[in-house]
Amino acid sequence: MSQATFGDDEELFGEAANEMRADVESSLEDGWAALPDADDVWETDADNVLGVLNGLNSALNAGDAEEHLRDAKKWFTMGQRADAFEDADDLEEEIGNLEDAIADIAEAGEQVGELTSTIPALRGTLEDAGPDTDADADTEDEAEGATEEDEEEEAEVDADEDESDEDEE
């Protein structure tokens with residue numbers, strides 16, 4: 001191999017290394033861009049808790065971020081194995097940060113999903129808990145009816161006693 005060819009190979013390798021780094025950086029940038037916007041996760045227009053949870057669950061979608069992360073890791077691994085990067089610590093750190101963000105979003109989505117299925121059941125339990133309002137109303141009606149009957153019986157007894165008293169006189 002001639003010296004000129006070797007120099008060309010080094011130059012080509014340098015270009016390839018720069019392109020790989022650019023591919024990793026581009027994939028990371030696209031990955032960050034694919035994550036949900038912080039305001040979409042924080043703000044809501046829902047009228048009730050279930051609406052809030054459903055909206056939050058929709059917002060907690062990493063979208064294409066996982067695919068972009070995969071591309072970044074692929075190009076990073078290739079460049080690292082080829083010893084193409086002079087300093088790859090910053091790329092490795094950013095890949096880790098994006099991985100953590102995606103994992104946090106996925107975990108939050110699971111928790112919201114659990115709450116979304118739990119809250120309606122909890123509402124039903126709370127609605128059914130405590131004294132039965134229909135039964136209470138029936139009991140009150142029965143008590144009032146009994147009181148009226150008692151009063152009527154007492155009035156009859158009093159009337160009978162009054163008649164007995166008049167007869168005795």
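Student: What pattern does the protein chain follow along the sequence?
Tutor: Read in order, the pattern is α-α-α-α-α-α, with six helices and zero strands. Helices (H or I, at least four residues) and strands (E, at least two) are DSSP runs, numbered from the N terminus. This is a predicted model, where local features need pLDDT of at least 70 and side-chain atom pairs count only at pLDDT 80 or more, while totals for chains, interfaces and linings use all residues. Residues are numbered from 1 along each chain as its sequence is written, and side-chain values use heavy atoms, with hydrogens and water left out.

Student: How many of the residues count as buried?
Tutor: Of the 169 residues, 17%. Buried means under 20% relative accessible area, exposed over 50%, and partly exposed in between (1.4 Å probe, protein chains only).

Student: Salt bridges next. How many does a search of the whole structure find?
Tutor: Five. The criterion is a side-chain nitrogen of Lys or Arg within 4 Å of a carboxyl oxygen of Asp or Glu.

Student: Which residues are linked in a network?
Tutor: R21, E25 and D90. R21 pairs with D90, the closest N and O atoms being 2.6 Å apart. R21 lies in helix α1 and D90 in helix α5, so the pair ties together parts that are 69 residues apart in sequence.

Student: And where do E25 and R21 lie?
Tutor: Both are in helix α1, four residues apart, about one turn of the helix. E25 is partly exposed at 36% relative accessible area, R21 is partly exposed at 22%, and D90 is partly exposed at 38%.

Student: What about E127 and R123?
Tutor: Their side chains form a salt bridge (3.2 Å, N to O). They are separated by about one helical turn because they sit four residues apart in helix α5. E127 is exposed, at 55%, and so is R123, at 57%.
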